[in-house]
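Hello,

Here is the model for your files. My notes follow below it.

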Amino acid sequence: GERINFIRHANKILSKGVLLIPAFAMGKTQEILFLIKNAMKNGILKKVPIYLDGLSSEMTVIYEDLGVKMDAEGVEIKKAPYGFYKKMDMTPKIIIASSGMLLKNSASWNYAQRVLENENSNITFVGYQAKRTEGFNILYSGNSGYKGSVSKFDFSGHGDESEIIRLIDIIRPKKVVFLHRTTKIKEEDKLKKRLKDMFGKDIFFYLSKDGEGINL
């Protein structure tokens, strides 16, 4: 699927250049880091240095402090030294930096200026790009005037229905409120029936309406 395609793409770029991954600092950075780390550990991705910068680095330290270990045997993960984007060479390496949308003057934006100057290097987006952000502009500008390439892979930040139901089953809360949802009545009725069949009356499910206050 998308993860295998990403690994193939990364190997191609890392044969000669730098792979820059702009990523949201919490969650997305760690998800991509796990994917890369495990791919290197299993020998399907070329082992190169991995650098974290910006809030991506700071949030990863918090994850590790909470017991979520990012390191792996034989895989080098470093916090980028101050001003690394200015002095780094273009030998193969992976840089994961915030912001995920390449906002101006962010860590990822600073690296992007260097990466786009190098024909062997690439910016790979792994999350949503809002209109009028630098990430959106670069991704959909047709790479005009850039030597480096730009790519995108769809790693959704939202769990699908089966993942959400599995989470509910593990946690077994008393109440579940759905916020980010469909507005189609028939689909909601089907969802209510599935949830009732699975959990009975043990859990109260509430599908909120726009602008509605909820008293929990």
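The ground rules come next. This is a predicted model, where local features need pLDDT of at least 70, side-chain atom pairs count only at pLDDT 80 or more, and totals for chains, interfaces and linings use all residues. Residues are numbered from 1 along each chain as its sequence is written, and side-chain values use heavy atoms, with hydrogens and water left out.

**Overall**
The protein chain has eight helices and eight strands (DSSP runs numbered from the N terminus: helices H or I, at least four residues; strands E, at least two). Its C-alpha trace spans about 60 × 40 × 30 Å along the principal axes. Of its 216 residues, 43% count as buried (buried is under 20% relative accessible area, exposed over 50%, partly exposed in between; 1.4 Å probe, protein chains only).

**Ile171**
Ile171 sits in helix α7, residues 161–171. Ile171 counts as exposed because its relative accessibility is 52%.

**Leu216**
Leu216 lies in the segment after β8 (204–207). Its relative accessibility is 67%, so Leu216 counts as exposed. Leaving out residues up to four places away in sequence, Leu216 touches Lys175 and Val177 (contact: heavy atoms within 4.5 Å). Leu216 and Leu55 are 161 residues apart along the chain, and their C-alpha atoms are separated by 33 Å.

Best wishes
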